[in-house]
Amino acid sequence: MSYLTVCNRQLSWTLTLVLGYLFYLLLGAMVFQLLEKQAEAQSRNQFQMKKLMFLQNYTCLDRQALEQFVQVIMEAWEKGVNPEGNSTNPSNWDFSNSFFFAGTVVTTIGYGNLAPSTVAGQVFCVFYALFGVPLNLAFLNRLGKGLSTHLIDLDTWVHKSGRAQVMKTLTMVLFLMAGTLLFLVFPPMIFSYVEGWSYGEGFYFTFITLSTIGFGDYVVGTDPSKHYISVYRSLAAIWIVFGLAWLALIFNLGANLMEKFLQFNKQKPDPGITEVTISKGEDNPDQPRIHIPS
């Protein structure tokens with residue numbers, strides 16, 4: 001097979017991947033718009049109706065004063081201050097919450113519900129992330145290699161027993177099942193119990209967190225009406241780190257499978273070329289010829 005043919009096929013599969021990626025983004029945009037736009041309009045209308053009712057009940061206020069108060073509430077929320085409750089609410093910057101925030105920085109989750117408000121804190125956050133993100137990637141990479149090494153060692157033991165293929169498949173299935181239970185199935189149960197969420201909401205938070213998407217619409221330990229243990233968010237941060245390592249392995253496995261699927265046709269022989277005849281030299285006609293399938 002000629003070099004030009006190989007390049008053309010690589011270019012073709014690259015173009016297919018790019019077009020597929022763009023199509024997937026467009027499909028997601030259309031589905032999200034279909035599912036969420038109407039609900040957003042209903043929520044907006046309900047909020048406006050409640051504001052009108054509030055003004056009707058409290059005639060001493062005018063619309064401008066109410067809008068100014070709403071702006072104060074929004075600014076407080078953006079700075080991480082929950083407008084519910086009173087000034088006795090737990091601090092967002094005690095050690096446990098600060099440890100949790102540091103974990104969301106280096107893992108690039110960035111929920112967005114809490115951020116440093118001082119100039120010194122913002123500058124420190126920049127440099128902390130500058131060195132912390134590569135450190136986190138190196139740690140996750142080492143942790144992932146450690147998990148893979150144990151799987152390889154077990155696979156070596158399996159080869160000695162003579163049941164290689166069956167045990168290899170069984171090992172992979174057990175690894176996937178154990179990780180799924182430990183990081184995706186059981187944690188939503190705990191979060192549902194502690195936070196008062198439904199299991200679906202807990203599972204949604206779990207996946208959005210471990211995938212580092214981190215919308216910030218659900219965050220553990222932020223309800224001022226609940227009394228959390230002091231290490232609750234610190235334990236959540238530790239769970240996030242190890243869950244990231246496991247889910248990263250799953251994502252890498254999925255990416256490798258998808259790449260192999262996209263390049264599958266590249267391994268097929270060109271129908272126009274059936275075989276290549278190679279001789280060791282014209283000066284030795286008696287030398288046997290080697291036929292290599294393309």
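**Ground rules.** I'm working with a predicted model, where local features need pLDDT of at least 70, side-chain atom pairs count only at pLDDT 80 or more, and totals for chains, interfaces and linings use all residues. Residues are numbered from 1 along each chain as its sequence is written, and side-chain values use heavy atoms, with hydrogens and water left out.

**Salt bridges.** I looked up salt bridges (a side-chain nitrogen of Lys or Arg within 4 Å of a carboxyl oxygen of Asp or Glu) and got 2 for the structure.

One of them joins the side chains of arginine 44 and glutamate 40, at 3.1 Å from N to O. I checked where they sit: both are in helix α1, residues 3-57, and being 4 residues apart puts about one helical turn between them. (Helices are DSSP runs of H or I with at least four residues, numbered from the N terminus.)

Buried or exposed, I wondered next? I call a residue buried under 20% relative accessible area, exposed over 50%, and partly exposed in between, using a 1.4 Å probe and protein chains only. Arginine 44 comes out partly exposed at 45%, and glutamate 40 is also partly exposed, at 44%.

My other entry here is lysine 51 with glutamate 67, whose side chains meet at 2.6 Å, N to O. Lysine 51 belongs to helix α1 and glutamate 67 to helix α2 (residues 63-78), so this pair ties together parts 16 residues apart in sequence. Lysine 51 is buried at 10%, while glutamate 67 is partly exposed at 33%.

**Disulfides.** How many disulfides did the search of the whole structure find? I got 0, counting a pair of cysteine sulfur atoms within 2.5 Å as a disulfide. I looked at two cysteines anyway: cysteine 60 is exposed at 71%, and cysteine 125 is partly exposed at 21%.

**Largest pocket.** A pocket is an open set of points on a 1 Å grid over the protein atoms alone, where a 1.4 Å probe fits, with protein on both sides within 12 Å along at least five of seven lines; lining residues have an atom within 4 Å of a point. The largest pocket holds about 860 Å³ of space. It has 33 lining residues, and the closest to its centre are Asn92, Gly221, Thr222, Asp223 and Pro224. Helices α3 (95-106) and α7 (232-262) each give the lining at least two residues.

Key
Points joined across faces, edges and corners; volume = space filled by probe spheres on them.
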